[in-house]
Amino acid sequence: MPALILVGGSTIIPLLTIVNFSVHDVFYGNDFIWVGSKWFVEVLNSKVFYDTLLRTFAFSAIVLAIEVPLGILIALSLPRKGKLVPFYIITIAIPLMIPWVVVGLMWRLIIHPQWGSFGSLLSLFGLQIDLNNLVTAWSVIVFVDVWHWTSLVVLLCYSGLLAIPNMYYQAARIDAANRWGVFRYVELPKIKRVLMIAILLRFIDSFMVFVEPFVITRGGPGKSTVFLSQSLMRTASQQFDLGQSAATSLIYFSIIVLFSWVLYKVMSER
């Protein structure tokens with residue numbers, strides 16, 4: 001019962017509020033006019049929605065393709081025992097402790113050609129990070145996300161590796177297994193559950209990316225780094241179109257739940 005009350009207060013009640021907004025036309029925040037599925041039809045027929053959705057999927061796919069293998073590789077490289085293990089863990093966890101807004105501002109300052117350390121260094125060689133270039137803008141926000149969140153994959157995989165009994169490694173040595181064989185048949189099957197959690201968490205987080213592109217690129221050049229969360233924010237706060245933004249958020253929520261469920265089913269079966 002306490003768990004149901006907590007979930008109801010923090011999740012279900014706000015969700016029902018959004019559902020109520022999504023089927024009404026809202027004026028001045030108080031006057032509600034029933035419009036039924038009007039906003040859902042408009043969103044699903046909007047080219048802007050599909051453009052931002054495609055960019056969001058592309059961003060999630062790129063960062064997952066980088067962070068998951070990189071996180072596994074770093075976790076495998078860490079020592080399992082020794083006095084320096086706590087130091088390694090704390091150092092790797094530092095990016096996770098930094099708030100999202102601070103991460104975006106920090107890297108925007110670092111790459112600035114006049115104020116930033118890295119930007120000033122590049123300026124000495126006549127180089128500059130041009131955020132008005134499409135490839136550069138995407139590369140920067142992908143790099144920042146990888147720097148910020150790879151640590152999560154590392155820590156989860158490392159915890160799974162620590163839980164593997166030593167007898168599995170002894171059996172592998174008896175069978176003369178090479179390093180790839182140990183990883184393929186011993187370590188990977190044993191960490192698949194924590195790896196599944198890492199992939200699900202990173203997919204959900206990356207699909208809701210907002211702060212880094214908003215702070216670093218402002219959605220530019222043009223609208224090339226405007227993702228679904230930013231588009232939703234603009235509709236809700238700048239245009240004050242609460243009905244359409246509520247319908248968009250429900251579709252957004254449904255997509256995240258659907259793809260998370262598909263990822264879970266695929267990884268569980270494998």
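These notebook entries record what I looked up in a predicted model.

**Entry 1: helix α3**

I began with helix α3, which covers residues 47–77. I asked whether its length fits the distance between its ends. At 1.5 Å a residue, its 31 residues should span 45 Å, and the end C-alpha atoms are 45 Å apart, so the two values agree. I then looked at the start of α3, where a side-chain oxygen of S46 comes to within 3.3 Å of the backbone nitrogen of V48.

**Entry 2: E67 in α3**

I next turned to E67, which is a residue of helix α3. Is E67 buried or exposed? I noted a relative accessible area of 0%; E67 is therefore buried, as the cut-off for that term is under 20%. I looked for a polar partner and found R202, whose side chain is joined to that of E67 by a polar contact of 2.7 Å. Leaving out residues up to four places away in sequence, I listed the residues that E67 touches: D145, V146, W149, T150, V153 and R202.

**Entry 3: the nonpolar cores**

I looked up the largest nonpolar core and found that it has 35 residues. Which of its residues touch the most other members? They are F49, C157 and F207. I recorded that α3 contributes the largest share of this core, namely six residues. For C157, I listed contacts with I72, A75, I191, V194 and L195, again leaving out residues up to four places away in sequence. Apart from this core I found another, of 10 residues, including I98, V103, W107 and I111. I set beside this a general remark: in soluble globular proteins, nonpolar side chains tend to be buried together.

**Entry 4: the largest pocket**

I then examined the largest pocket, which holds about 330 Å³ of space. Its lining consists of 16 residues, and those nearest its centre are V48, F49, S231, T235 and Q239. Which helix gives the most to this lining? I found that α12 does, with five residues. I also noted that α3, α12 (228–238) and α13 (242–269) each supply at least two residues of the lining.

I noted that F49 belongs to the largest nonpolar core and that F49 also lies in the pocket lining.

**Entry 5: D205 in α10**

Finally, I looked up D205, which lies in helix α10, residues 192–207. D205 has a relative accessible area of 25% and is partly exposed. How far apart are D205 and S60 in sequence and in space? I recorded a separation of 145 residues in sequence and 8.6 Å in space, C-alpha to C-alpha.

Conventions: Residues numbered from 1 in each chain as written. Predicted model: local features only at pLDDT ≥ 70, side-chain atom pairs only at ≥ 80, totals over all residues. Heavy atoms only, no water. Helix = DSSP H or I, 4+ residues; strand = E, 2+ residues; numbered from the N terminus. Expected span 1.5 Å × (residues − 1). Polar contact = N/O pair within 3.5 Å; in protein donor to acceptor, adjacent residues only side chain to side chain. Core = buried A, V, L, I, M, F, W, Y, C linked by side-chain atoms within 4.5 Å. Buried < 20%, exposed > 50% of the residue type's maximum accessible area, 1.4 Å probe, protein only. Contact = heavy atoms within 4.5 Å. 1 Å grid on protein atoms, 1.4 Å probe; cavity = no way out; pocket = protein on both sides within 12 Å on 5 of 7 lines; lining within 4 Å. Points joined across faces, edges and corners; volume = space filled by probe spheres on them.
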